[in-house]
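The sequence and structure come first.

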Amino acid sequence: MDGEVELRVDGRTRRLRVDNRTTLLDALRDGLGVTSPKKGCDHGQCGACTVLLDGRRAVTCLSFAVVHDGAEVVTAAGLGDGERLHPVQEAFLDRDAFQCGFCTPGQVCSAVGVLDEVAAGHPSAVTADLTGPAELSPEEVRERMSGNLCRCGAYVRIVEAVRDGAR
Amino acid sequence: MTDLLRPRAMGRSPRRVEGPAKVTGTAPYASDQPVHDPVHAWLVQAEVARGVVTSVDTGRALAEEGVLTVLTPDNAPRLASTEDAELAALQSHDVDFRGQVLAVVVARTPETARHAASLVRVVVEQRPHDVRLSGDRADLYAPEQVNGGFETDTAEGDLAAGLAQAAHVVDRTYTTAWYNNNPLEPHATTAVWSDENLLLYDSTQGVHTTREAVAETFGLSPERVHVISPHVGGGFGAKGTAHVHAILAAMAARALPDVPVKLALTRQQMYSLVGYRTPTIQRVRLGGSADGRLTALAVDAIGQTSRFKEFAEQTAVPARTMYAAPHRRTTHRLAALDVPVPAWMRAPGECPGMFGPEVAMDELAIACGLDPVEFRVRNEPEVEPESGKPFSSRNLVACLREGARRFGWSHRDPTPGARQESGWRVGTGVAASTYPVNRSPGSEANIRFTAPGRYRVEIGAADIGTGTWTSLAQIAADALGVDHGDVELRIGDTRLPKASVAGGSSGITSWGSTVVAAARAFREKFGDRPDDGDETCVAMPESSASDDYAMHAFGAQFAEVRVHVDTGEVRVPRLLGVFAVGRVVNPRLARSQLVGGMTMGLSMALHEHSLLDERFGHVVNHDLAEYHIATNSDVPDVEAHWIEEHDPHTNPMGTKGIGEIGIVGTAAAIVNAAHHATGIRVRDLPLTLDHFVR
């Protein structure tokens, strides 16, 4: 059984017919040729498929495309302003916060989501003061970025890059 | 002695040249490559560990709309070569391990292929299987040689006498777990077969090695197989040799000429189809004199292999290099089981093989009443112990001393269990690292001048996250005497000159030596003012350095470990490594390699463990939710440093290879720190909390 959805992906409106069993990740990759989000596990365990979905970070392998009609999707390919990279992406380059690069689009989208969450004052599991403003301490970044696995082991640089990207 | 290259671009830290493509996700990995109207393959796998396929019913699958073909052992075409049993896809009705591919369904969409695969009914007559590795099996056997071409057993002097004369003896058995490489990118192949030409977009550590394996399996001449792999989402050995999915994708593509067939393994399938590190059982015996010198050293290592194809991890090999001792021996024994075939995983041999001995060294240091840094320094050999060759350079002692200084080791109270902070027992530990300088034969490089002032350097090398795109161009720039920006490097394609595999930390040694030779030949032929289109292609020069020298990188790793008093939870707040790895081509990228290796070592120490269900013969925790790898919050502080090391013997760059040494010794340093924290000696990885709750 098929359904039709309209998605706004990296600023472009796209319509497509999808099998109801098609995940948002597969719709992006196979249906629209948007291959920036990666499939590392297809089970929501690694974070490589993370995008900003209606402004919040989300793994795209865990939900079906048909339920996202009208959604706004920003992938790592759409984070920059067309000419310049997003500051978080620049920070990833400077800090060499990646090696193979496969988890990186997801890390970058997740990082942008983290910065928004912290700016909005959302606490995390390691936030001591739930009433004050959220801080971007290394511990907070580690906790908030732990849904994005990196097998190359770039974590210590990722934490530095996320904090640099906030400045 | 080689004519060392003068470093201008080398030693600088340009950012990764492919970095912008990676941080935007636009760098094309195997399954990102755009192909027109692809079809999709899905695998059907064996659900028993041993048996015989008696029937395959594909009727219901074929009746699904959109299913194009189902290949099974009944109808799959015969392959030209089945010499590599791992690649003999669908050639036999025998089931050799749970997870073996028994059918492949090809359909117009991945959803249809997956559903149709669930409709294929395979009947297997089950046979009794045997998947249990243990040290007391009666059928352990000595392989002819072990991975890397090393001798299976070695002996020198009289081990029994050496142990008898020792003032202190450690005789313990250590075990490492079954580990799965788990690169973040699952293996994927897109295959197009047209007019007896095969195009493969593959995720591989060596396009040419994949081409050779596929060509041989199908009986094609290698020129007919074109493999493209510009970016690889991690490999760690799992993509160093061709695995069966590449054959299956090609087979499906041959059945559907001119149609691109996409086959991407699932994370779960990677636990049975792409290799893994064998669990090991290591009996280590060390004898020490009253003044802390080794009188005897023995490592007897046991691992597993699959029954249908042998892989022998060289676990005891690093013990042949590390420490001086007059009486010594190393042995390797294997159990042949009904399991998937083990293969390379980051630092095969050294990674598991430096666990037992480096923990034993800590135990013996304590028995001798010596500081573990000092104890290692005291047992430093003058020449490589077993070969008798001089070292081309060996700076283990410098790494230990510099590491101790940076880590603040001198303030350490050696008493185990002496330090407690806020409910955590705190300890520190040390272990040594080593990795050989490997040089793989078979590379060629082409250099072409493309006006104005640009040099195109072509070699079918791989960048698996190691930084080849950047660092090999830096080497080419110095070899040509031009700026880094004037070099256009092309890698990752079999249309380029042949290159050896990215494995054994041999990439830069092999490809770099080749590129330097090509640059020198180019300058000799065309001088400093070449014409547009001038080009020259040369093969990697021979080197006899390994006949005369033992060439190894060394390192020292220091760990701080906290073990919770009540829960036994183990944390590693700090890791610090100092390495002697020859010249560092690009410090920014090199640091990532070393830190990444140490991080994977931390992951091995604390978490990783593929749990085999012996009743069924499969890894139960076959995904990333249950096979835990270190996450960001597990890794607060990892530092890697290196000492200046000048080695004129390894290659023209003076490099030693840095991709693997970082994971060597980490787990031992953490176990030793945990002992210092708690007084409890763990000899079986991983370092789970049950070891500490008594």
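## Terms and basis

Two strands pair if DSSP finds at least two bridges between them. Helices (H or I, at least four residues) and strands (E, at least two) are DSSP runs, numbered from the N terminus.

The model is predicted: local features need pLDDT of at least 70, side-chain atom pairs count only at pLDDT 80 or more, and totals for chains, interfaces and linings use all residues. Residues are numbered from 1 along each chain as its sequence is written, while chains are lettered from A and ligands numbered from 1 in the order in which they are written.

## The sheet in chain B

Strands β17 (residues 424-436) and β22 (residues 552-564) of chain B pair antiparallel over 13 bridges. Ser433(B) has Gly555(B) in β22(B) as its bridge partner.

Both strands belong to an open sheet of five strands in chain B, ordered β16-β17-β22-β23-β26, with mixed pairing. Its edge strands are β16 (420-421) and β26 (638-642) of chain B, each pairing on one side only.

## Two helices in chain A

Helix α3 (residues 104-119) and helix α5 (residues 155-165) of chain A have axes that come within 10 Å and cross at roughly 50 degrees. Axes are lines fitted to C-alpha atoms, for helices over the stretch in contact, and angles run from 0 to 180 degrees between N-to-C directions. Angles under 35 degrees count as roughly parallel, over 145 as roughly antiparallel, 65 to 115 as roughly perpendicular and the rest as oblique. α3(A) and α5(A) are therefore oblique to each other.

The contact (C-beta atoms, placed from the backbone, within 7 Å) involves Gln107(A), Ala111(A), Val114(A) and Leu115(A) of α3(A). From α5(A) come Ile158(A), Val162(A) and Gly165(A).

Methods:
Contact = placed C-beta atoms within 7 Å.
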